[in-house]
Amino acid sequence: MNYIYHSDNLPVLESLKNETIDLVYIDPPFNTGKSQRRTQVRVKQSENGDRIGFQGQRYETVNLGTQEYSDNLGDDFLAFMEPRLSEAHRILKSHGTLYFHIDYREVHYCKLLLDSIFGKECFVNEIIWAYDYGGKSKTRWPAKHDNILVYVKDPDRYYFNGFGVDRLLGDERDEPWRVSSSDVWWHTIVPTNGKEKTGYPTQKPRGIVEPIILASSKRGDVVLDFFAGSGTTGDCCLTLARKFILIDDNKQAIDVMRKRFHNERSIKWNKVTPHMYENSSSNLWAHQSARKMASS
Ligand SMILES: C[S@@+](CC[C@H](N)C(=O)[O-])C[C@H]1O[C@@H](n2cnc3c(N)ncnc32)[C@H](O)[C@@H]1O
């Protein structure tokens, strides 16, 4: 089975057993201080439309809905991340790896925090994902990259297979927008009209998550993403035959994932409300369910 939790991630993480997860990929809010918002629209032919196009044909713009989540954790970003990263460290298997996706605003503080939780010797890479997106600036160099910090549970035992990624690259190695086999990855953002677009703000491209899963897990391994958003990690796991656990506390993210995985029978959907953690019998339910998932 695969599992998707509609919940704050901390209580679900706390309910997972020690050393049960092979790979963690997380892409938390970047703490931009703004609300991340995306509205999707479609243009359709209509007699009453206010836009006039080819051969005088009238069109109207139909609003398909807005997806949104708060990206403002204020000065407490590290206080918010610390218990979650400590849990991630506890539940990782000894050969396991954590990929932490962030940007220039918080990466330095997060590196120090991760050093203190995992140990400096467990830091393996900083991947730079460079993209051609975003405006120009008159006051500074425009920021056009994200940072992905890679930490392992045990520097002598961790699993890594870069050959898997080479296979993924295949003959397309020379294309400009491909992940390279170094720590600098050039890849476009999710294209506006692309097939994988879900409309969820800050959705990450499969082309960034797939190489991570291929290189740092094997078929049948359990991959955890506890800031799941539109479910990109789960989508890649389905293609690459990995099991997954996804968590997000935003109902809109869950709705997007329900749509994205609508034909998928292997997923168990769980909604965990705060009161389930307040009294012991509901707490037990959450614990049992999360434990079952980690051992299945
Ligand atoms: C940057 S987005 C993830 C996007 C995702 N990687 C994708 O490709 O769609 C961060 C997500 O974290 C979720 N989130 C923020 N705080 C959370 C918490 N305490 N527990 C669970 N999810 C949380 C937000 O709702 C948002 O969907």
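A residue is taken as buried if 20 or more other C-beta atoms lie within 10 Å of its own. By that criterion, 34% of the 296 residues of the chain count as buried in this model, which is a predicted one. The secondary structure of the chain comes to eight helices and 12 strands, and among the contacts between residues at least 6 apart in sequence, 69% join residues at least 24 apart.

The mean pLDDT is 85, and 79% of the residues reach 70 or more. Over residues 170-177, pLDDT stays under 50, and the model has six contacts beyond four places in sequence for this stretch. Residues 279-289 likewise have a pLDDT that stays under 50, and for these residues the model has 12 contacts beyond four places in sequence. Where pLDDT is low, the predicted coordinates should not be read in detail.

Among the helices, α5 (206-216) is largely enclosed by the rest of the structure, because nine of its 11 residues are buried. The buried residues of α5 are Ile208, Val209, Glu210, Pro211, Ile212, Ile213, Leu214, Ala215 and Ser216. Ala215, which is found in helix α5, counts as buried because it has 21 C-beta neighbours inside 10 Å. The C-alpha atom of Ala215 is 7.4 Å in space from that of Phe163, although the two residues are 52 apart in sequence.

Helix α6, which spans residues 232-240, has as its buried residues Thr232, Thr233, Gly234, Asp235, Cys236 and Cys237. The elements that cover these buried residues include helices α5 and α7 (251-260), together with strands β1 (2-6), β2 (21-26), β10 (222-225) and β11 (243-248). Leu238, which is also placed in helix α6, is partly exposed, because 18 other C-beta atoms lie within 10 Å of its own. Between Leu238 and Phe261, which are 23 residues apart in sequence, the C-alpha to C-alpha distance is 9.7 Å. Just after α6, Ala241 takes a positive phi of about 60°.

Two further residues have backbone angles of this kind. Most residues other than glycine have a negative phi. Glu19, however, has a phi near 50°, a positive value in a residue other than glycine, and its place is in the loop between α1 (9-14) and β2. Thr202 is partly exposed, since 19 other C-beta atoms are found within 10 Å.

When residues up to four places away in sequence are not counted, Lys93 touches Glu19, Ile21, Asp22 and Lys153. Lys93 is partly exposed, because 19 other C-beta atoms lie within 10 Å. The C-alpha atoms of Lys93 and Tyr158 are separated by 9.0 Å, while the two residues stand 65 residues apart along the chain.

The packing of one pair of helices can be described in detail. Two packed helices are described by the angle between their axes and the distance between the axes. Helix α2 (residues 77-91) and helix α3 (residues 107-118) pack at an angle of about 35°, and their axes are 10 Å apart. The contact is made by Leu78, Met81, Glu82, Leu85, Ser86 and His89 on the side of α2, and by Tyr109, Cys110, Leu113, Leu114, Ile117 and Phe118 on the side of α3. These residues of the contact of α2 with α3 divide into nine nonpolar, two polar and one charged. The crossing in which α2 passes α3 is right-handed.

The model also includes a ligand, with 19 residues around it, of which Phe227, Gly229, Ser230, Thr232 and Asn250 come nearest. By class, the shell around the ligand has seven nonpolar, seven polar and five charged residues. One of the nearest residues, Thr232, is also among the buried residues of helix α6.

Definitions and conventions. Residues are numbered from 1 along each chain as its sequence is written. This is a predicted model: local features need pLDDT of at least 70, side-chain atom pairs count only at pLDDT 80 or more; totals for chains, interfaces and linings use all residues. A residue is buried if 20 or more other C-beta atoms lie within 10 Å of its own, exposed if 12 or fewer, and partly exposed in between; C-beta atoms are placed from the backbone. Helices (H or I, at least four residues) and strands (E, at least two) are DSSP runs, numbered from the N terminus. Two residues are in contact if their C-beta atoms, placed from the backbone, lie within 7 Å. Axes are lines fitted to C-alpha atoms, for helices over the stretch in contact, and angles run from 0 to 180 degrees between N-to-C directions. A crossing is left-handed if the near helix is turned anticlockwise from the far one by less than a right angle, and right-handed if clockwise. Ala, Val, Leu, Ile, Met, Phe, Trp, Tyr, Cys and Pro count as nonpolar, Asp, Glu, Lys and Arg as charged, and the others, Gly among them, as polar. pLDDT is the predictor's confidence in each residue, from 0 to 100. A residue is near a molecule or strand if its C-beta atom, placed from the backbone, lies within 6 Å of it.
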